[in-house]
Amino acid sequence: MAATELTLRRNAEMRLPSGEILRADIWIPAGEGPFPTLLQRLPYDKSSSFMTQSAVGMEIVRALDLGFAVVVQDTRGRFTSEGDFEPFAHEAADGAAAVSWVRDQDFSNGQVCTYGASYIGATQMLLAQERPAGLVAMAPQVTTGDYYENWTYRSGALQLGFILLWIMESLAPSDVVRRELDGTDRGVQLLAQLLSDPAKAMEILPVRSGHLKQLAPYADDWLAHPTRDDYWEEMNPSRRYGDMEVPALHIAGWNDLFLEGSLNNYVGMRTGSATSDARDGQYLIVGPWSHGNMSDWQGDAWLGYAAHSAVLDLTGRQLEFFSAAVAGRRPEMPRVTYFTTGTNDWHEAEDWPLPGVVETPLYLGSGDAGPSTLTYDPPVGEAAPRAFVSDPLDPVPTIGGATFLPGLLVARNSGHKDQTSVENRDDVLIYTSELLTEPCTVTGPVVLELWASSSAVDCDWTGRLTDVDADGVSVGIIDGILRSRYRAGARPAPLTPGAPELFTITLGSISHTFGAGHRIRLQVASSNFPRFDRNPQSMVDPATATIADFVTAEQRVFHDAARPSRLLLPIV
């Protein structure tokens with residue numbers, strides 16, 4: 001095979017209308033051209049092969065071999081690019097400017113495709129709403145189109161672990177150097193605490209402090225807007241699917257904290273994009289992966305070689321999608337490809353949500369003198385509620401789930417994890433089904449409808465679905481939370497102490513098979529820390545609460561005929 005000469009242009013400059021210069025690295029394949037171009041815009045250093053290739057499932061050399069040029073650009077205010085970095089704020093306009101700039105280059109044939117994961121996926125969603133000329137396809141991976149819900153908050157609770165880890169691992173270290181801060185700076189001192197002992201630093205109260213504002217001014221803005229308001233809506237592409245007209249390959253993970261955002265992007269663009277071609281051009285891949293971990297080992301389990309993104313060949317799938325888009329043909333891939341845990345295998349589907357899924361209720365029962373139950377039969381007559389005491393200063397610890405605790409590049413505490421230590425706590429209620437006589441596959445969104453009361457004026461309600469194997473080991477599958485003050489919407493409303501109410505808690509979406517001889521279990525509690533911040537249970541703003549604001553609460557869960565708490569499972 002003859003040697004091939006490729007061209008690399010380092011630090012190519014693009015001037016924004018506001019005057020700042022953004023810099024990009026450009027790979028140009030051999031040949032006369034012009035070429036279609038893959039564009040990635042990231043805040044994580046364009047010179048990092050891990051962030052620009054491994055973490056996003058794209059091998060640049062293979063793209064070049066297929067005749068694509070590749071442009072990787074540092075976003076505004078990051079690494080080689082000028083300006084100030086404000087997450088999300090400038091990505092729509094800057095992204096549209098970048099597409100126009102790429103199309104003006106001598107190597108470009110005018111066709112641009114975008115790709116990348118996490119925040120790089122956010123840059124794509126924000127760009128898509130601008131509908132720039134020449135944008136022919138995108139592949140947003142493990143991301144969301146809503147930066148209030150799913151990214152910063154979930155059902156009113158702050159995603160504390162993610163926010164602090166994102167700042168300390170990915171954003172703040174380079175910002176400290178850029179801003180020339182020294183060890184006397186309060187923000188630098190907080191960063192040192194976070195890096196030396198993240199778990200201890202996450203316990204610092206109040207969460208919203210001068211130290212955090214100095215380290216990450218944008219985070220102070222997020223904490224100042226704990227509800228969906230104009231601040232968030234100005235950068236919410238999920239409200240603008242109707243303005244988008246670009247085919248997209250959405251790549252998600254069942255254990256990724258942005259899973260629901262990825263699924264919402266697919267459904268929203270599949271049903272609401274501006275043109276029929278765009279609506280028909282939506283495709284979805286959901287693997288068993290967590291954020292930062294696209295491997296075959298998730299949580300406590302090895303899921304088999306086929307679970308690894310490299311075996312699925314994400315590079316090949318993305319390049320086929322992009323090749324089809326620039327050629328004006330349909331990609332040679334299923335509409336939906338998804339992995340089912342439990343059986344640990346891949347499936348194909350015509351669409352998402354899956355057609356033919358039956359929403360099946362499992363009712364919580366008090367169990368009388370025995371263990372509390374989950375049963376297909378609704379409760380009859382009266383039954384005593386179950387109770388526990390919620391102490392937010394002794395919260396239920398985060399064990400597994402859609403998180404990358406204790407760090408993005410480790411993901412050791414994400415995914416399906418043994419719940420023994422959680423279920424041994426007095427402040428966690430468990431409800432367990434009978435032994436399954438045949439496998440039960442659940443694929444789709446899981447919802448908990450909980451009749452409950454609290455002695456406090458505010459509290460959180462958490463639910464976790466687990467799989468109990470033949471040896472009695474309970475492994476978490478999916479979990480969710482609801483901050484009670486926001487149960488009716490953005491305007492906070494206190495609880496009436498002691499009064500039962502119906503709370504709807506979205507646990508999240510899964511595809512999992514509970515095997516024969518296993519049991520289905522539900523955990524109910526009132527905290528999940530540090531994945532989510534602690535609720536002081538006193539209607540004080542959790543971001544500014546101090547220890548003096550925290551109160552304990554007696555929680556009651558009801559499961560009688562008049563107040564039938566139930567778990568809704570989408571059974572295939």
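Student: Taking a polar contact as a pair of N or O atoms within 3.5 Å, one able to donate a hydrogen and the other to accept it within protein, with sequence neighbours counted only if both atoms are side-chain atoms, which side chain does D427 join in one?

Tutor: The side chain of D427 is joined to that of R425 by a polar contact of 2.9 Å. This is a predicted model, in which local features need pLDDT of at least 70 and side-chain atom pairs count only at pLDDT 80 or more, while totals for chains, interfaces and linings use all residues. Residues are numbered from 1 along each chain as its sequence is written, and side-chain values use heavy atoms, without hydrogens or water.

Student: Where does D427 sit, and is it buried or exposed?

Tutor: D427 lies in the loop between α15 (420-423) and β18 (429-432), these elements being DSSP runs numbered from the N terminus (helices H or I, at least four residues; strands E, at least two). D427 counts as buried because its relative accessible area is 10%, where buried means under 20%, exposed over 50% and partly exposed in between (1.4 Å probe, protein chains only).

Student: And what does D427 touch beyond residues up to four places away in sequence?

Tutor: D427 is in contact (heavy atoms within 4.5 Å) with F388, V389, D394, V396, V524 and A525.

Student: Switching to salt bridges, how many does the structure hold?

Tutor: The structure holds 36, each being a side-chain nitrogen of Lys or Arg within 4 Å of a carboxyl oxygen of Asp or Glu. D146, R228, E233 and R239 are linked by such bridges into a network.

Student: Which pair links distant parts of the chain, 97 residues apart?

Tutor: That pair is D106 and R9, whose side chains meet in a salt bridge at 3.2 Å, N to O. D106 belongs to the loop between α3 (91-103) and β5 (108-117), while R9 belongs to strand β1 (residues 7-15). D106 is exposed at 59% relative accessibility, and R9 is partly exposed at 30%.

Student: What about R330 and D280?

Tutor: Their side chains form a salt bridge at 2.8 Å, N to O. R330 is in the loop between α14 (314-327) and β13 (336-340) and D280 is in helix α12 (residues 276-280), so the bridge ties together parts that are 50 residues apart in sequence. R330 is partly exposed, with 49% relative accessible area, and D280 is likewise partly exposed, at 30%.

Student: How is the chain divided into domains?

Tutor: There is domain 1 (7-141 + 242-287 + 304-340), domain 2 (153-219) and domain 3 (358-571), with bounds taken from an automatic or database domain assignment. The C-alpha centres of domain 2 and domain 3 are 29 Å apart, and the contact between them takes 19 residues from domain 2 and 29 residues from domain 3.

Student: How many polar links and salt bridges cross it?

Tutor: Between domain 2 and domain 3 there are 12 residue pairs in polar contact, both at pLDDT 80 or more, and 0 salt bridges. The elements giving two or more residues to the side of domain 2 that touches domain 3 are β8 (157-158) and α5 (160-178), and α5 provides the largest share of that side, 7 residues.
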